[in-house]
Amino acid sequence: MAKKSSVKISRIAVIRIIVFLFIGFVLFTGYVNTVEFLKSSPLFEVKDVMIDRSIQFIDLRSLRDLKGTNIFKIDIVKIDHQIAQRYPYIDELRVVRQLPDRILILAKKREPLMQIYFKRKYLLLDTEGVALYYVLQPTALPQVYGIPLERDWMFLGGRIQGPELSKVVEILNSFKQSPYLRRWRIHTVQAGNLSKIDLAVGENMHVILDQDDTQDKIELLQMMVSSNKINLNQVKYIDLRFKEPVIANNVETDKE
């Protein structure tokens with residue numbers, strides 16, 4: 001004779017299982033209905049696409065086509081990628097859903113800091129060394145020489161690596177942030193030799209730095225300028241590579 005099963009399930013356990021299944025069914029049904037409502041209700045149709053003031057210049061047809069689309073059916077990642085690909089000079093890009101019916105495009109425009117002559121054009125780079133775009137004619141930005149640009153890996157929107165460019169970025173940002181040095185117009189930067197970084201400033205003056213203790217030397221230069229110890233109209237060059245700055249003045253020859 002077959003033995004009877006010794007496993008017995010109490011009525012309370014059966015009731016608990018039924019209750020749990022019922023609650024699960026209710027929750028699942030509620031979830032499905034909620035999703036269906038969110039994706040079909042006209043309440044969530046996009047009525048406006050707001051673009052950050054700093055990037056009002058962007059013009060993507062796909063953004064205009066978003067109007068009338070359900071906000072939850074919009075591929076935020078895809079739109080982000082499209083904008084980033086087309087406009088490499090945009091930074092901190094975010095595409096955000098603002099319920100119930102608005103899409104926000106948040107970003108800021110990268111600020112050009114320098115230019116490098118490359119491929120018979122002028123490549124503009126920002127304050128982080130990111131390649132922005134090309135122009136055919138030189139701009140008023142400092143033109144940097146001695147930066148090796150490899151065609152295999154240099155692309156717009158990418159940060160150019162290398163000790164030469166990193167040092168130039170540091171120097172130019174420091175000048176730009178200084179209330180005294182920002183007034184100087186830097187025409188060129190010779191950065192091929194990190195032991196002698198030559199900045200052509202103003203009419204006919206040079207500031208010479210190296211890769212060591214750059215910030216301290218720029219702060220010293222700022223102190224000298226702020227205390228009126230330098231007459232920029234007479235200085236030929238200021239060499240900051242030594243313990244004591246070397247200042248050479250222009251010598252005018254008396255022809256009489």
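In what follows, a residue is called buried under 20% relative accessible area, exposed over 50%, and partly exposed in between, with a 1.4 Å probe and protein chains only. The model before you is predicted: local features need pLDDT of at least 70, side-chain atom pairs count only at pLDDT 80 or more, and totals for chains, interfaces and linings use all residues. Residues are numbered from 1 along each chain as its sequence is written, and side-chain values use heavy atoms, with hydrogens and water left out.

I begin with I23, which lies in helix 1, residues 11-40; helices here are DSSP runs of H or I with at least four residues, strands are runs of E with at least two, and both are numbered from the N terminus. I23 has a relative accessible area of 40% and is therefore partly exposed.

Let us turn to helix 5. This helix comprises 13 residues, 214-226, and spans 18 Å from first to last C-alpha, close to the 18 Å expected at 1.5 Å a residue, the expectation being 1.5 Å times one less than the number of residues. Which residues of helix 5 are buried? They are T214, K217, I218, L221, M224 and V225. These cover an arc of only 115° around the axis, so they sit on the same side of helix 5; the arc is taken over directions from the helix axis to the C-beta atoms. Their cover includes helix 4 (163-177), strand 10 (205-209), strand 11 (235-239) and strand 12 (246-249).

Within helix 5, K217 counts as buried because its relative accessibility is 13%. Leaving aside residues up to four places away in sequence, K217 touches L209, D210, D212, L240 and R241, where contact means heavy atoms within 4.5 Å. Finally, N228 follows helix 5 and has a positive phi, near 60°.
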